[in-house]
Amino acid sequence: MTSRNDIAFITHWSRLAACLSEDPELFFPISLQGPGHMQHEHAKAVCRRCPVRTQCLEYALSTHQMHGVWGGTSPDERAAALAGSRQGASM
């Protein structure tokens, strides 16, 4: 459950995000191949210059965002990170 303090923190860091001045559709390419590949790379480039990239990625992982580019990562990269964290927890 998200507390009121968590919501305030989420609002705080997201207001500093580099993606605020971009079209939100940029971060949700239809595919990672073909024309979508360039869109995906452009989104990741925005993330690389973002001062809150780490917070964005932590948010995406904790809320299981499995679509789009979050914190400079693809859905496959986040799925692998989540799988790795589950494996580490079970050891």
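A residue counts as buried when its relative accessible area is under 20%, as exposed when that area is over 50%, and as partly exposed in between. Keep these cut-offs at hand while you go through this predicted model.

**Whole chain**

Start with a cartoon view of the chain. The secondary structure comes to four helices and zero strands, so along the sequence you read the pattern α-α-α-α. Of the 91 residues in the chain, 27% are buried. Take the contacts between residues at least 6 apart in sequence: 41% of these join residues at least 24 apart.

Now keep C56 selected. C56 lies in helix α3. Is C56 buried or exposed? Its relative accessibility is 14%, which is under the 20% cut-off, so C56 counts as buried. Show the residues around C56: leaving out those up to four places away in sequence, C56 touches W13, W70 and G71.

Move to C47, which lies in helix α2, residues 35–48. C47 has a relative accessibility of 8% and therefore counts as buried. Beyond residues up to four places away in sequence, C47 touches F27, R53, V69, G71 and G72.

**Helix α2**

Select residues 35–48 to show the whole of α2. This helix has 14 residues and reaches 21 Å from its first C-alpha to its last, close to the 20 Å expected at 1.5 Å a residue. Colour G36, H40, A43, K44, V46 and C47, the buried residues of α2. Turn the view until you look down the helix axis. Where do the buried residues of α2 fall? They lie within an arc of 155°, so they line one face of the helix. Next colour P35, M38 and R48: these exposed residues sit on the face of α2 turned away from its buried side.

**S74**

Select S74, in the loop between α3 (53–62) and α4 (75–90). Its relative accessibility is 6%, so S74 counts as buried. Apart from its neighbours within four places in sequence, S74 is in contact with L32, H40, K44 and G68. H40 and K44 have already been coloured, as they are among the buried residues of α2.

**Aromatic rings**

Select W13, Y59 and W70, which form one aromatic cluster. How many aromatic pairs does the structure hold? It holds two. A pair of aromatic rings is described by the distance of the centres and the angle of the planes. For Y59 and W70, the ring centres are 5.8 Å apart and the planes are at 45°, so the pair is tilted. This pair links distant parts of the chain, with Y59 in helix α3 and W70 in the loop between α3 and α4, eleven residues apart.

Compare the two partners by accessibility. Y59 is at 23% relative accessibility and so counts as partly exposed, whereas W70 has a relative accessible area of 17% and is buried.

Technical notes. Residues numbered from 1 in each chain as written. Predicted model: local features only at pLDDT ≥ 70, side-chain atom pairs only at ≥ 80, totals over all residues. Heavy atoms only, no water. Helix = DSSP H or I, 4+ residues; strand = E, 2+ residues; numbered from the N terminus. Buried < 20%, exposed > 50% of the residue type's maximum accessible area, 1.4 Å probe, protein only. Contact = heavy atoms within 4.5 Å. Expected span 1.5 Å × (residues − 1). Arc of directions from axis to C-beta. Phe/Tyr/Trp six-rings, centres within 6.5 Å; stacked < 30°, edge-to-face > 60°.
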